[in-house]
Number of protein chains: 2
Amino acid sequence: MKGTGFNELADLAQKWGFRGVGLWRDVLEDLDLAAASRRLKHSGLRVSSVCRGGMFPQPDDQSRRRRFDDNRAAVDQAHFLDADCLYLVCGPPNADLTGARQQIHDGILELEPYARQAGVRLAVEPFHPMMASTRSAITSIGEANDLVEKIASDMVGVGIDSYHVWWDVRMHEEIRRAARHLFSVQLADWVTPIQGELSTRGMPGEGCIDLQGFVTVCTEVGYRGLVEVEVLSSRWWSETPDDAIRGAVKGLLSI
Amino acid sequence: MKGTGFNELADLAQKWGFRGVGLWRDVLEDLDLAAASRRLKHSGLRVSSVCRGGMFPQPDDQSRRRRFDDNRAAVDQAHFLDADCLYLVCGPPNADLTGARQQIHDGILELEPYARQAGVRLAVEPFHPMMASTRSAITSIGEANDLVEKIASDMVGVGIDSYHVWWDVRMHEEIRRAARHLFSVQLADWVTPIQGELSTRGMPGEGCIDLQGFVTVCTEVGYRGLVEVEVLSSRWWSETPDDAIRGAVKGLLSI
């Protein structure tokens, strides 16, 4: 819920019976992480993921170095909060997809030892192809699996959001392939028309994705982590946080 | 160019030195096809494609039958105009992608003998995944290739538009695989933000796609047909037809 602070978020999660929270890094800015960590332990809430590290493709060495530092800071935050994983939104902005893909591979390889030392799992998130020029050159679970298998570290896996991958004829097959390295599962529904490729998502049940089938196949391949509802939506962002979480609960019960 | 009649289109194509025109079926409505055909022969213009047949997934037998009749009418028009191919926008609207894919396969198989008799080649168009719920369940060249190879007819191939396929890590590989059954090539560029998934396209050079590389790989695998510029764009539609074609020419020279 955009603009909602950590404490309010934790309150809402507890009130509605969620077992964890996914945290974006803007929520963590200026937050007393030690106090937040105590609050989480006290309430029994897990941090299902921290979003995000990544954006590996950069135009020059200096910006790549800055990005690496920022990614290490993200690992530190995820470590401090004992998060189940750190999501990697791999990037463009580089529009040369081939070059971007190489930099993504190299960037993850460079970050991996630091993440390993911190005990933080990195989840490569395949993004919907409509975000290939703005968010990530990794546009399918298959491509994410290829990357993860090439890096071959038990600290690097995939995190999948129904919204990004539902269209793929190979989705079930690639989820099965991910299996042991499936670190995170998120739900959002597909609604049209698209008004801005980032934030036109629907709550579960508002769109056309077979979310029950999606969760089932994830469970069948052994996923036992939490399932997040992550709905980037200009429409839902205009609601109060309480109404938004009410919408999420209603949606989850409907699928 | 939306709203532009056949004769104006042919005039513009001749004036600007294009060797053919791609025709949408709304342009063919109420048109004297015999006169149009004479005009084309006289001017040396080819019809590079007719758009569109398809939309195979339907909720019941009656609407499937109606759709089949309409697809035969599209084949007739393509035959009459001696078009290089008829594009198949395969459909949803059925949101059950698995069911839609089966109906697409069955629908093409049913239409094939009629197209063969008419000498009209059918081009399966993979659509951008952001149109999976509205236009087509066939969302990649690989998927289109699988379908075409399964149907195994020299009258059924693929037609590819850079806009729909540019994001795909397997694009070059799958174009090479298409090779002999690559019936049509179209250009449009990728621009963001997306405002409506159908009509936010850019003229060549306005976006981030490596169109030169795209055309090169198509040529390398043996494609010798015309290359269409097909830019569905609310912005360009608001220009005059002459300005739009000027934009296309400028774009083609820039890539």
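In the predicted model, strand 6 of chain B, made of residues 182–187, is mostly covered, and 6 of its 6 residues are buried. This strand has a partner in strand 5 of chain B, residues 156–161, with parallel pairing over 4 bridges. Within that pairing, D161(B) stands opposite Q186(B). Strand 6 of chain B also pairs with strand 7 of chain B, residues 227–229, again in the parallel sense, here over 3 bridges. Q186(B) takes part in this second pairing, where its bridge partner is E228(B).

The corresponding elements were examined in chain A. Strand 6 of chain A, residues 182–187, is mostly covered, with 6 of its 6 residues buried. Strand 5 of chain A pairs with strand 6 of chain A in the parallel sense over 4 bridges, and one of the partner pairs is G159(A) with S184(A). On strand 7 of chain A, strand 6 of chain A has a parallel partner over 3 bridges. There, V185(A) stands opposite V227(A), and Q186(A) stands opposite E228(A). Helix 9 of chain A, residues 211–220, lies across strand 5 (156–161) and strand 6 of chain A. The helix runs at about 165 degrees to strand 6 of chain A. Together, strand 6, helix 9 and strand 7 of chain A make a right-handed β-α-β unit.

These strands of chain A belong to an open sheet of 7 strands with parallel pairing and the order 1-2-3-4-5-6-7. Strand 1 (20–24) and strand 7 (227–229) of chain A stand at the edges; each has a single partner strand, so one side of each is left without a neighbour in the sheet. From one strand to the next, the twist averages 30 degrees.

The relation between the two chains was then considered. Chain B is superposed on chain A by a rotation of 180 degrees with 0.0 Å of shift along its axis, at an RMSD of 0.0 Å. The two copies are thus related as by a two-fold rotation axis. In chain B, the C-alpha of Q195(B) is the nearest to this axis, at 2.4 Å. The same surface serves both copies, as 100% of the contact residues of chain B recur in chain A.

Cysteines were also examined. Over all chains, the structure holds 0 disulfides. C208(B) is in no disulfide, and the nearest cysteine sulfur, that of C218(B), is 17 Å away. C208(B) is partly exposed, with a relative accessible area of 23%. C218(B), in contrast, is buried, with a relative accessible area of 1%. For C218(B), the closest cysteine sulfur is in C85(B) at 13 Å, which is too far for a bond, because a disulfide needs two cysteine sulfur atoms within 2.5 Å.

Notes. Residues are numbered from 1 along each chain as its sequence is written. Chains are lettered from A and ligands numbered from 1 in the order in which they are written. This is a predicted model: local features need pLDDT of at least 70, side-chain atom pairs count only at pLDDT 80 or more; totals for chains, interfaces and linings use all residues. Side-chain values use heavy atoms; hydrogens and water are left out. Buried means under 20% relative accessible area, exposed over 50%, partly exposed in between (1.4 Å probe, protein chains only). Copies are superposed by least squares on the C-alpha atoms of residues with pLDDT of at least 70 in both. Contact means heavy atoms within 4.5 Å. Two strands pair if DSSP finds at least two bridges between them. Helices (H or I, at least four residues) and strands (E, at least two) are DSSP runs, numbered from the N terminus. Axes are lines fitted to C-alpha atoms, for helices over the stretch in contact, and angles run from 0 to 180 degrees between N-to-C directions. A crossover is right-handed if, with the strands pointing away from the viewer, the path from the first strand over the helix to the second runs clockwise.
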